Amino acid sequence: MNNKTKYITTTLPYANSKPHIGHAFEFIIGDALSRYFKYLKKDDVLFNIGLDEHGLKIQEAAEKEGVTPQEYVDGLSEVWIDFIKK
């Protein structure tokens, strides 16, 4: 096959809070592009959404909650996954 691979990725938002409508816009545009290229069936498409799980904002949010940064991010990851699925 002569298919090309298209890589579509979003920015990696900090996982220091719950997602909001601004995140949805970027994810929806990425999803629409991915579906469009898949519909054309000319190219393979890899679509990626992720979170930035490191950084000062994460550490500060975790300290405020009295947990480790890993525990904090793990607690928010399900919220983000549910948001992305919708």
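Predicted model: local features only at pLDDT ≥ 70, side-chain atom pairs only at ≥ 80, totals over all residues.
## Overall form

The secondary structure of the protein chain comes to 3 helices and 2 strands, and from the N terminus on these elements follow the order β-α-β-α-α. The radius of gyration of the protein chain is 16 Å, well over the 12 Å that the globule rule gives for 86 residues, so the chain is more spread out than a compact globule. Along its principal axes, the C-alpha trace spans about 55 × 25 × 15 Å.

Buried residues make up 27% of the 86 residues in the protein chain, and the accessible surface comes to about 6500 Å², of which carbon and sulfur atoms hold 55%.

## The nonpolar core

The largest nonpolar core has 10 residues, including A15, F27, L51, A62 and W80. Two or more residues of this core are given by α2 (56-65) and by α3 (69-85), and the largest share, 4 residues, comes from α3.

One member of the core, A62, is in contact with V67, T68, P69 and Y72 when its neighbours within four places in sequence are left aside.

## Helix α3

With 17 residues, α3 reaches 24 Å from its first C-alpha to its last, which is close to the 24 Å expected at 1.5 Å a residue.

How values were computed. Residues numbered from 1 in each chain as written. Heavy atoms only, no water. Core = buried A, V, L, I, M, F, W, Y, C linked by side-chain atoms within 4.5 Å. Buried < 20%, exposed > 50% of the residue type's maximum accessible area, 1.4 Å probe, protein only. Contact = heavy atoms within 4.5 Å. Expected span 1.5 Å × (residues − 1). Rg over C-alpha atoms; globule rule 2.2 N^0.38 Å. Areas by Shrake-Rupley, 256 points an atom, 1.4 Å probe, with all protein chains shown as cover.
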